[in-house]
Amino acid sequence: MTTPGTTTTPAPPTRLRALARHLAGRLPSAVAVLVGASILVFVSLRLLPGDPAVALAGQDATPESIAAIRHELGLDASLVAQYWSWISGLVTGDAGRSHQIGGSVGELLADALPNTVVLAGTALGFAILTALVLSVASVAWPKRALTTIVDAAGTLAVALPPFVTGVLFVLVFAVLVPILPAGGLPPGRFLDRPDITAQYLLMPALCLGLPAAAALTRFLTESLRTEMNSPHALTQLALGVSRVHILTHGALRAALPPVTTVLGVVTGTLLGGAVLVEAIFAWPGVGMLIEQGISRRDYPVVQALLLLAVAVFVVIQLLTDLVNALLDPRITTGARS
């Protein structure tokens, strides 16, 4: 009960409510990005040279046959009508049918997406584990030789593009020293024979994950060094606390927010890198499906997959922002300095 003339201070919002409000504030911009990306993807494909109807009918087809195919595919409608038909179908869960590859886009995606998820997930797990081990080791034991090796390996991994690394892996480990399969998928399901699956996954996952591991290692190492030079860490070092204890009991957690942002960007770029890696190792995932769709002017396939790539990137950025808010409560309260 309050006395007249006094005001009560409202209770601070709960942590979950603050996170939900923080996430809700990011949703409008995410939706705007998806809408803009859908328009850009749709228009860009129409600007590419080549006619899907001609590709489907053949070079010797009559104009009447090409016109009939264009009408059947809906390509003779206005661009606005074509865009509305496509986007309204996506909203209802119908991504259309492939013109060239065959079958519905949803079925093609259902077959290819799990393979890409397994490949990208393995590459991301390798990158995160490598970054944690190398960064913590180089900061916990700041020896010149170890730092030089880590920096040189990171520079080499970033400098070599995935198609160069992939070709080298195939030449060395599948041709010169044939201990791993050159490409393809493991027989059966991925978990039926984990040992066989690992053999098929090792080269493409390493090829895709090396640049990500190098980027994460560099950012995490610098972030950890910054935390170890903070007054709090220097005081603990002066009191005789070991560097490993400081790293594992505070410095590592404090260094994660900026690295989490980099992790989100790196994760989003894995899908783009998968296009080359899947082509090199004949891995039938989303990357190979995009390549087939572009080469065959298959509008429904390419549209859906490119927009999916943007949607994945947007979702990853939202999750990254949410993780940063969990690690640093000042983000949701607006109290960051």
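The lining of the largest pocket takes at least three residues from each of domain 1 (22-92) and domain 2 (109-327); domain bounds come from an automatic or database domain assignment. The model is predicted, so local features need pLDDT of at least 70 and side-chain atom pairs count only at pLDDT 80 or more, whereas totals for chains, interfaces and linings use all residues. Residues are numbered from 1 along each chain as its sequence is written, and side-chain values use heavy atoms, with hydrogens and water left out.

The centres of domain 1 and domain 2, taken over C-alpha atoms, are 33 Å apart. Their contact (heavy atoms within 4.5 Å) involves 19 residues from domain 1 and 13 residues from domain 2.

Pockets and cavities were located on a 1 Å grid over the protein atoms alone. A cavity is a set of points where a 1.4 Å probe fits but cannot get out, and a pocket is an open set with protein on both sides within 12 Å along at least five of seven lines; lining residues have an atom within 4 Å of a point. Grid points are joined across faces, edges and corners, and a volume is the space filled by probe spheres set on the points.

The largest pocket holds about 410 Å³ of space. It is lined by 20 residues, of which Leu73, Ser85, Trp86, His99 and Pro300 are the closest to its centre. At least two lining residues come from each of α1 (15-47), α3 (63-73), α4 (79-91) and α12, and α4 gives the largest share, four residues. Helices (H or I, at least four residues) are DSSP runs, numbered from the N terminus. By class, eight residues of this lining are nonpolar, eight polar and four charged. Here Ala, Val, Leu, Ile, Met, Phe, Trp, Tyr, Cys and Pro count as nonpolar, Asp, Glu, Lys and Arg as charged, and the others, Gly among them, as polar.

One cavity of 30 Å³ or more is present in the structure. The largest cavity contains about 40 Å³ of space, and the elements giving two or more residues to its lining are α11 (286-295) and α12 (299-327). Its lining consists of Leu45, Leu48, Gly293, Ile294, Arg297, Asp298, Tyr299 and Val302. Five of these residues are nonpolar, one is polar and two are charged.

The axes of α5 (residues 105-140) and α11 come within 7 Å and cross at roughly 135°. Axes are lines fitted to C-alpha atoms, for helices over the stretch in contact, and angles run from 0 to 180 degrees between N-to-C directions. The two helices α5 and α11 are therefore oblique to each other; angles under 35 degrees count as roughly parallel, over 145 as roughly antiparallel, 65 to 115 as roughly perpendicular and the rest as oblique. In this contact, Leu108, Leu109, Ala112, Leu113 and Thr116 of α5 meet Val286, Gly287 and Leu289 of α11. Six of the contact residues are nonpolar, two are polar and none is charged.

Helix α10 (residues 243-280) packs against α11 at about 80°, with the axes 7 Å apart, which makes α10 roughly perpendicular to α11. Leu271, Ala274, Val275, Glu278 and Ala279 of α10 make this contact with Val286, Gly287 and Met288 of α11.
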